[in-house]
Amino acid sequence: MTITLSDGSAMLALDPDLYWDDEFAWGAVEQAVERSLSGALVVDTGVRQGGRPITLRNEDDASAWLTRAAMAQLQAWADVPGQQLTLSLRGTAHVVLFRHHDGGPFEARPLVHYADPAATDWVLATLRFITVE
């Protein structure tokens with residue numbers, strides 16, 4: 001699994017044990033239901049054009065570790081407004097943005113707390129993206 005800046009200038013490998021937590025919590029069909037003035041049911045249906053959430057997380061504390069350096073790179077990318085990335089997940093490329101509006105783009109905590117952590121120390125992370133295509 002990798003994530004790449006959409007211009008292809010930088011790539012970061014992600015642990016393949018990160019799992020897509022909300023893969024089946026989204027549907028492509030959007031529906032609005034209301035009543036007309038006569039009381040008739042009015043149903044508008046359409047296909048969503050992007051906006052699918054992709055939340056990647058570890059299953060437990062023994063899996064899907066990322067280094068602090070990888071988290072620092074993700075944070076630098078998240079700090080760029082509108083930064084598009086290409087997430088390669090199970091052989092499919094998804095053009096994504098960080099989900100700033102939904103609990104923040106990620107959460108990370110150290111696997112082991114050190115007073116002076118190194119870039120090679122491990123963290124457990126939850127990464128939140130949203131598709132734009």
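**View 1. Arginine 48 and glutamate 30 meet through their side chains in a salt bridge, 2.7 Å from N to O.** A salt bridge here is a side-chain nitrogen of Lys or Arg within 4 Å of a carboxyl oxygen of Asp or Glu. The pair ties together distant parts of the chain, 18 residues apart: arginine 48 sits in the loop between S5 and S6, glutamate 30 in strand S4. Strands are DSSP runs (E, at least two residues), numbered from the N terminus. This is a predicted model, where local features need pLDDT of at least 70 and side-chain atom pairs count only at pLDDT 80 or more, while totals for chains, interfaces and linings use all residues. Residues are numbered from 1 along each chain as its sequence is written, and side-chain values use heavy atoms, with hydrogens and water left out.

**View 2. Strands S4 (residues 29-35) and S5 (residues 41-47) pair up antiparallel over seven bridges.** Pairing takes at least two DSSP bridges between the strands. Valine 29 has valine 47 in S5 as its bridge partner. The two strands make a hairpin with five residues between them, and glycine 39 in the turn has a positive phi of about 95°.

**View 3. Asp22, Arg99 and Asp102 are linked in a salt-bridge network.** In it, the side chains of arginine 99 and aspartate 102 meet at 3.1 Å, N to O. Arginine 99 is buried at 5% relative accessible area, whereas aspartate 102 is partly exposed at 39%. (Buried is under 20%, exposed over 50%, partly exposed in between, with a 1.4 Å probe and protein chains only.)

Definitions and conventions
Helices (H or I, at least four residues) and strands (E, at least two) are DSSP runs, numbered from the N terminus.
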